[in-house]
Amino acid sequence: MELTNSPGRPDLAQQPAFARPSRRNFLKYAGLSGLAATALAACNKLGTTTPVPGSGTGKSINLGSGDTGILNYAFALEQLEAAFYTAVLLDPYTNISPFEALYLADIRDHEIAHREFFRTVLGTNAIPNLTPNFSSVNFSDRTSVLTTAKTFEDTGVSAYNGAGSLISSATYLTLAGKIVSVEARHAAFIREQLSYGSFADSTVVSAQGLDTSRTPAQVLTLVAPFIVQTLDGSNLPTS
Amino acid sequence: MNLLDVINEIETQDPAAMDQPNSRRDIFKQLSGAAGKIALTALPLGLSGLFQKAQAAGPSTSTTLGILNYALTLEYLEAGFYKMGLSVQGLIPTTQEFDAILTIGTHEKEHVAFLQSTIKSLGGTPVSEPTFDFTAGAGSGNGPFATVFSDYATFLAVAQAFEDTGVRAYKGQAGALAGGGAYLTAALDIHSVEARHASMIRQMRNERAFADVTPWITLNYSGIGAVVDATYAAEQNTLQAGIQIVGINGYDISYEAASAAFDETLTMPQVLAIVTPFIVTS
C-alpha cells in the first residue's frame, strides 16, 4: 500500500525545515492525499475493530470509537495545525519579523511532532492524511494568518479540555495533558502578536477563571470548513 | 508490535511511569522533613485517597477532594503572590504589564474561589491559606528571591516558576482524575489557563531582558538559575510513551522542539518540595 506521505517516505519528511517545497508543491501534495484516504480506507477493511477508524464512503472519514477514536480526533486536529503552519512558513506573510518567523517555525515543529506522535501511537488504526482547505486564509496577510492561528490554537485547547473526560486510559489522558498546555502556550503567544494583553481574555476564560472546553461535535463543526473530507465523530464517546 | 500495546505494558509493569505515586509507603519516604509537614498540615483532607489507583468508574470522592485541596494550596500561593506584587507601588513598570499581571492575579483569585466552592459542594472542607514567604526563605524573608517585590526581573522570574510549576502540578494529577467527569474537565480548564499565564510571563521576560526565554519550555532552560532546577526537572525529555520525538518519522524535529512540544508532569512530592521554601511553618 502506498501513501503519499506515509512515515519514512522520502518526501517532505526528508527535507530541512527551511528547504521544503514551494506552496504550490505543497498544495499539490496535499491534494493527493484524498486518493490516499480512499486507499487506506480500503485497506482498513481488514481491521478487526468496529467501526473501522478511517473507514467511510466518499469524503467521510470515521474517527472510530473509544480511546482510539479520541486519539484519531486529536490526530486530525494536529494534522490541520501542522499543515497550516507548514503552509505559513513555506511562503511567509508580508513583512514577517525574524522574531515571528522563528517562533512560528517553533510552533510548526511542535504541531508536526504532535501529529507524528499520534500517527505512530495509532499505527494501523490511524485515519488517513487529511486534505486541508485554507481557501479562506490570505497567506500574504499577517492579520489573516495570525487570526486563523488564534482560531486553531484556541479551538485545539478547548478540544483537548473537552476530550479529557472522554478518555478512559490514564496514560493517554496524561499525554493529552502534556500536549494541551503547549497548545495553550501557543495560543497565548499568537494572541499577544495580535493584541497585547489578550493572552487569556474573557473570550476564552470564564469569570470563574476556567478556559473553554468543547465537545468533539462542537469542534468538528468549527474545523469542518478547513478540511476537505468530512470527519465523522458519531462513534466517539460522549461521556 | 503495536505501540498501544507497548504503552499498556509499560503501564502494567511500572505504574510510576504514569508519574503517579505508586504506593503510600514510597510517598511518605519521599516526604521527609519540611515537605512532609506541609503535606500533613496543608493537606489534611482526603490524602489517603490520592494513593488509590484510578478506577475505570473514576476517582473516589476522597481522591478528588485531595487533589482539589492540593490545587487550592497552589492557587493560594499564586493568588497571594500576585496580590502582593500588584500592591507594591512602582514594582510593575508599565500600565500594559500591570494590566497583564492583574489579569493573571484575578484568574488565580477566581481559581481559589472556584476550588473552595467545588470542595464544599463535594462535602469537603477547603484547606486554609498558609502564610507565605515569597522570597523562598521558609519564613526568614531573606531567601534566594529576597528582592522579589523590589526588583521587577525577580518578580517575573518567580512568577514564571510558579506558573510553570502550576502547569506541571495539574498535569501530574490528570491521570488520577481519569474518569472524573466534570471535576476532571474543570481541572483541565484551570490547567490550560495556567499555561496561558506561563506563556505570557515568559513573553514578558523575553521582552525585558531574556531573549532566550521562549513562551514554551525549551529543554529544561528557565533563564532563572539553579534555584529553580526542580521546577524544570526532566522538561528536556523527548521520549513520549516510548516514542522518540526527535526526528520522528523522518521529520526535522530538533531536540529543542521535541522537548518543547510536550510539557512534563510533576508528582505531588516534587511539587511539595518546590513550594516548601515558600511556606512559613509555625
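## Exercises on a predicted two-chain model

Leaving aside residues up to four places away in sequence, B:Val158 touches B:Phe81, B:Phe134, B:Phe145 and B:Val148. Here two residues touch, or are in contact, if their C-beta atoms, placed from the backbone, lie within 7 Å. The model is predicted, and local features need pLDDT of at least 70, side-chain atom pairs count only at pLDDT 80 or more, while totals for chains, interfaces and linings use all residues. Residues are numbered from 1 along each chain as its sequence is written, and chains are lettered from A and ligands numbered from 1 in the order in which they are written.

**Exercise 1. Describe the make-up of chain A and of chain B.**

Step 1. Helices (H or I, at least four residues) and strands (E, at least two) are DSSP runs, numbered from the N terminus. Chain A has six helices and two strands, in the order α-β-α-α-α-α-α-β along the sequence. Chain B has ten helices and two strands, and its elements from the N terminus on are α-α-α-α-α-α-α-α-β-β-α-α.

Step 2. Turn to burial. In chain A, 51% of the 239 residues count as buried; in chain B, 51% of the 282 residues do.

Step 3. Take the contacts with a separation of 6 or more. In chain A, 74% of them join residues 24 or more positions apart; in chain B the share is 66%.

**Exercise 2. Which elements of chain A give two or more residues to the side that touches chain B?**

Step 1. Count the residues in contact: 52 of chain A with 61 of chain B.

Step 2. List the elements of chain A that give two or more residues to this side: helix H3 (98–122), helix H4 (142–163) and helix H5 (170–194). H5(A) supplies the largest share, 17 residues.

Step 3. Sort the residues on the chain A side: 26 are nonpolar, 18 polar and eight charged. Ala, Val, Leu, Ile, Met, Phe, Trp, Tyr, Cys and Pro count as nonpolar, Asp, Glu, Lys and Arg as charged, and the others, Gly among them, as polar.

**Exercise 3. Why do the buried residues of H6(A) lie on the same side of the helix?**

Step 1. Helix H6 of chain A covers residues 216–223, and its buried residues include A:Pro216, A:Val219, A:Leu220 and A:Val223.

Step 2. They are on the same side of H6(A) because they cover an arc of only 100 degrees around the axis. The arc is that of the directions from the helix axis to the C-beta atoms.

Step 3. Find the partners. The buried residues of H6(A) pack against helix H2 (66–90), H4 and strand S2 (230–232) of chain A.

**Exercise 4. Is A:Asn95 buried or exposed, and is B:Asn249 buried or exposed?**

Step 1. Locate the residues. A:Asn95 lies in the loop between H2 and H3 of chain A. B:Asn249 lies in the loop between strand S2 (243–244) and helix H9 (255–260) of chain B.

Step 2. Count neighbours. A:Asn95 is exposed because it has 8 other C-beta atoms within 10 Å. B:Asn249 counts as buried because it has 20 C-beta neighbours inside 10 Å.

Step 3. Check phi. Most residues other than glycine have a negative phi. The phi of A:Asn95 is positive, near 60 degrees, and that of B:Asn249 is positive, near 50 degrees.

**Exercise 5. Where in chain A is the pLDDT below 50?**

Step 1. pLDDT is the predictor's confidence in each residue, from 0 to 100. Its average over chain A is 83, and 76% of the residues score at least 70.

Step 2. The pLDDT is below 50 over residues 1–50 of chain A, a stretch that has 67 contacts in the model beyond near neighbours in sequence.

Step 3. Where pLDDT is low, the predicted coordinates should not be read in detail.

How values were computed: A residue is buried if 20 or more other C-beta atoms lie within 10 Å of its own, exposed if 12 or fewer, and partly exposed in between; C-beta atoms are placed from the backbone.
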